[in-house]
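Student: I would like a close look at a single part of this model. Please take the annotated positions and go through their surroundings.

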Amino acid sequence: MLQRPRRNRKSEAIRQMVQETHVSAANLIFPLFIIDGDNQKTEVASMPGIYRYSIDNLLREIESCLKLGLNAFDLFPNIDEALKDKYATESHREEGLYLRAIREVKKHFPEACVITDVAMDPYSSDGHDGIVENGEILNDETLEVLGKMTLAQAQAGADIIAPSDMMDGRVGHLRTMLDDHGFKHVSIMSYSAKYASAFYGPFRDALNSAPKFGDKKTYQMNPANQQEALIEARFDEAEGADFLMVKPALSYLDVIKLVKDNTQLPVAAYNVSGEYAMLKAAVQRGWLNEQRAVSEVLTSIRRAGATAILTYHAREVLENKWL
Ligand code: PBG
């Protein structure tokens with residue numbers, strides 16, 4: 001036997017020497033949930049260890065993450081039901097929770113990379129990502145709302161805006177809006193291939209943002225499709241996206257790889273709430289070793305081709321030195 005691949009696995013030193021994929025703090029983006037009030041920190045029932053923070057506690061959380069070398073945050077607001085309406089007007093109200101939070105974070109931590117979410121669902125009385133009329137999600141009318149939301153977020157200090165709505169043409173529309181209003185420096189991380197997934201359930205619990213009727217299948221992608229991801233990616237790239245995202249991550253590693261092989265842009269992947277919940281639930285029952293499972297999950301997403309990973313594990317992984 002001339003070939004014995006096991007020789008390269010015989011000691012920890014050699015295994016580390018030939019390791020092809022690494023995950024570091026710089027690759028991680030931490031999603032954070034915000035809620036109104038003072039000194040609030042409420043755990044999301046289906047996401048053990050993940051909380052909704054009032055702005056004061058959000059600042060404390062971000063400060064401690066920065067100390068761990070975790071520098072990028074994706075913020076999502078839990079909006080009071082009474083403030084929701086058909087047109088998500090709360091999303092661009094100057095004194096609204098979300099815009100206040102962005103301003104505060106950038107004021108205290110200008111070095112933090114703040115990523116903001118562009119979609120109507122947290123503010124929509126219909127619980128959809130776009131304007132609803134007669135049970136339909138209107139595309140072009142929604143772009144106008146997304147444009148207002150984007151400008152308000154850029155004004156508040158967002159470094160990267162991340163449209164998660166899946167309306168057609170939104171990247172181009174938002175790029176033009178930003179450029180026309182003096183925000184040429186603000187980046188766009190587009191949710192390019194976002195699937196109509198069962199794995200968003202816990203996130204919708206966190207924000208109380210589940211659709212009030214129907215599902216999101218007329219705008220989010222069919223989980224059975226792969227080539228369609230390339231169509232979305234190509235358009236987003238042509239329309240000026242700086243990052244292309246695939247979401248969820250674990251059931252879509254093939255899509256991450258495909259998108260990566262067909263673009264020179266950095267690819268991001270969202271290790272979503274349901275993926276986090278599954279792993280945590282098994283760990284709580286003693287069925288999985290958390291350190292090993294989390295490290296394997298993140299490594300596999302990187303191996304598939306993701307440069308950046310949005311993950312609820314980010315803080316814990318760095319705190320416990322699991323990488
Ligand atoms: C909605 C949005 C969702 C997530 C991020 N932005 C849920 C949805 O599309 O219903 C899910 C993230 C997660 O599950 O962690 N614009």
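In which strand is lysine 247 found?

Tutor: This is a predicted model, in which local features need pLDDT of at least 70, side-chain atom pairs count only at pLDDT 80 or more, and totals for chains, interfaces and linings use all residues. Residues are numbered from 1 along each chain as its sequence is written.

Lysine 247 is found in strand S10, residues 243-247 (strands are DSSP runs of E with at least two residues, helices are runs of H or I with at least four, and both are numbered from the N terminus). The unreviewed UniProt entry annotates Lys247 and Lys194 as "active site"; such annotations use the numbering given here, have shortened feature names, and may be inferred rather than shown by experiment. Although the two are spread over 54 residues of sequence, the largest C-alpha distance is 4.9 Å. Lysine 194 lies in strand S9, residues 187-194.

Lysine 247 counts as buried because it has 24 C-beta neighbours inside 10 Å; lysine 194 is buried too, with 27 other C-beta atoms within 10 Å. (Buried means 20 or more other C-beta atoms within 10 Å of a residue's own, exposed 12 or fewer, partly exposed in between, with C-beta atoms placed from the backbone.)

Leaving out residues up to four places away in sequence, lysine 247 touches Tyr191, Lys194, Tyr195, Ala269, Tyr270 and Val272. Contact requires C-beta atoms, placed from the backbone, to lie within 7 Å. With that same exclusion, the contacts of lysine 194 are Ser164, Met166, Gln220, Met221 and Lys247.

Technical notes:
Two residues are in contact if their C-beta atoms, placed from the backbone, lie within 7 Å.
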